[in-house]
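Here is a short briefing to read alongside the model. Please keep the structure open as you go through the points.

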Amino acid sequence: MSIQTSQGAQFARIMSVGGSRGSRVVDNAEMCTMIDSSDEWIQQRTGIKERRWAADGEDAITLGTAAARTAIERAGLQPADIDAVLVSTVSHFMQTPSMAAIIADKLGMPEPAAIDLSAACAGFCYGVGMADSMVRAGSATHVLVLGVEVLSKYTDFTDRSTAFLFGDGAGAVVIGPSDVPAIGPTLWGSDPTQHEVITIDDWREERPHGEGPFIHMEGRQVFKWATTFIAGKAREALDSAGIPPEELDVFIPHQANNRITDSMLRHLKLPASVVVARDIVGMGNSSAASVPLAMEALLDSGDATSGQTALMIGFGAGLVYAGQTVLLP
Ligand code: ACO
């Protein structure tokens with residue numbers, strides 16, 4: 001007697017995307033009342049003009065629930081149709097229960113698999129890779145993948161090297177069966193030797209005035225890694241999907257820094273016709289939420305359209321990375 005195994009759809013696709021942004025707009029002028037910096041420096045070094053923070057009454061759960069609700073509606077599904085919820089976050093305040101279980105409850109999902117992933121700014125692309133495998137292996141038919149962050153709550157406003165970077169928001173996609181190939185191979189990995197380059201403080205440490213835990217980053221080191229090693233990985237994610245650069249329509253890198261995006265573009269030698277996500281300008285770096293939020297913005301504005309090919313790549317604390325070429329929902 002042998003054990004039966006599950007068998008899923010031949011292909012998976014991103015069926016829909018939804019986003020939710022913190023409603024408090026913090027421009028560089030306001031930021032410079034908190035840190036010793038200037039609008040000119042922040043724009044030149046990152047491209048950021050303003051960032052979105054969770055306002056009073058908003059948090060990771062409200063933002064994540066709103067983004068998920070939109071994605072499920074746009075997929076033409078009900079919450080009960082979702083078999084698994086994968087939430088990528090590094091800003092959940094509780095070790096357990098998972099944010100995935102809390103959001104599933106808010107949406108009235110009866111009994112989905114629910115799990116959080118900690119892969120920082122690469123987390124959304126990690127989730128897409130896992131959901132793609134789940135749908136094709138038959139362990140789920142519809143998977144909700146969310147990137148949710150409220151890093152403003154983990155920001156040390158005495159640290160001018162990080163305080164201006166982060167934004168709060170959530171982006172969600174539903175991944176389900178497809179008749180045609182629509183998610184290319186996920187290219188993922190890590191450099192574990194650099195695990196101390198981006199950190200959030202140990203929760204057990206005592207801090208003055210109950211502040212923190214705070215995020216810390218060796219910005220230059222991440223910048224160098226992203227513009228050398230990660231650019232090559234983005235190219236592999238394109239090549240492994242069999243899409244020549246001249247057939248790529250859209251490039252959605254993690255929204256960490258426009259200079260990193262520019263450097264990747266030079267490395268990838270993409271044609272000028274490729275639409276490039278620049279969502280960081282009005283959003284800041286929203287870590288796991290940045291790729292789906294940028295995707296939603298391009299589709300909503302009409303700069304990108306459903307069915308186009310898009311190369312996504314995320315990278316961040318770990319250090320970890322993940323990317324894939326997909327058809328846009
Ligand atoms: N305003 C003005 N000057 C500043 C500021 C500021 N806010 N911050 C630093 N400076 C100064 C520094 O003191 C330094 O001065 P010096 O040359 O006299 O020593 C100078 O500006 C340059 O500092 P750098 O740290 O080299 O600035 P850089 O150009 O590297 O930009 C940044 C900093 C934007 C953080 C960049 O390094 C970066 O984007 N890194 C990558 C971030 C990233 O991708 N993170 C991954 C995801 S995050 C996650 O996983 C949660």
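Accessible areas here come from the Shrake-Rupley method with a 1.4 Å probe, and for residues only the protein chains shown count as cover. On that basis the chain has an accessible surface of about 14200 Å², with 49% of it belonging to carbon and sulfur atoms. This is a predicted model, in which local features need pLDDT of at least 70 and side-chain atom pairs count only at pLDDT 80 or more, while totals for chains, interfaces and linings use all residues. Residues are numbered from 1 along each chain as its sequence is written, and side-chain values use heavy atoms, with hydrogens and water left out.

**Overall fold**

- The chain holds nine helices and 14 strands, taken as DSSP runs (helices: H or I, at least four residues; strands: E, at least two) and numbered from the N terminus.
- Its radius of gyration, taken over C-alpha atoms, is 19 Å, close to the 20 Å that the globule rule gives for 329 residues, so the chain is as compact as a globular protein of that length. The globule rule is 2.2 Å times the number of residues to the power 0.38.
- The C-alpha trace spans about 65 × 45 × 40 Å along its principal axes.
- Of the 329 residues, 54% are buried (buried is under 20% relative accessible area, exposed over 50%, and partly exposed in between, with a 1.4 Å probe and protein chains only).
- Among contacts (heavy atoms within 4.5 Å) with a separation of 6 or more, 78% join residues 24 or more positions apart.

**Aromatic pairs**

- Rings of Phe, Tyr and Trp (its six-membered ring) pair if their centres lie within 6.5 Å; planes under 30 degrees apart count as stacked, over 60 as edge-to-face and the rest as tilted. By this rule there are nine aromatic pairs.
- Trp41 and Phe164 have ring centres 5.5 Å apart and planes at 85°, so they are edge-to-face. Trp41 sits in helix α2 (residues 39–46) and Phe164 in the loop between β6 (143–150) and β7 (168–178), so the pair ties together parts that are 123 residues apart in sequence.
- Phe164 is buried at 3% relative accessibility, whereas Trp41 is partly exposed at 36%.
- Tyr126 and Trp188 make a tilted pair, 5.0 Å centre to centre with 40° between the planes. Tyr126 belongs to helix α5 (residues 123–137) and Trp188 to strand β8 (residues 187–190), so this pair ties together parts that are 62 residues apart in sequence.
- Tyr126 is buried, at 17%, and Trp188 is partly exposed, at 41%.
- Phe93, Tyr154 and Trp203 are linked into a cluster by ring pairs.
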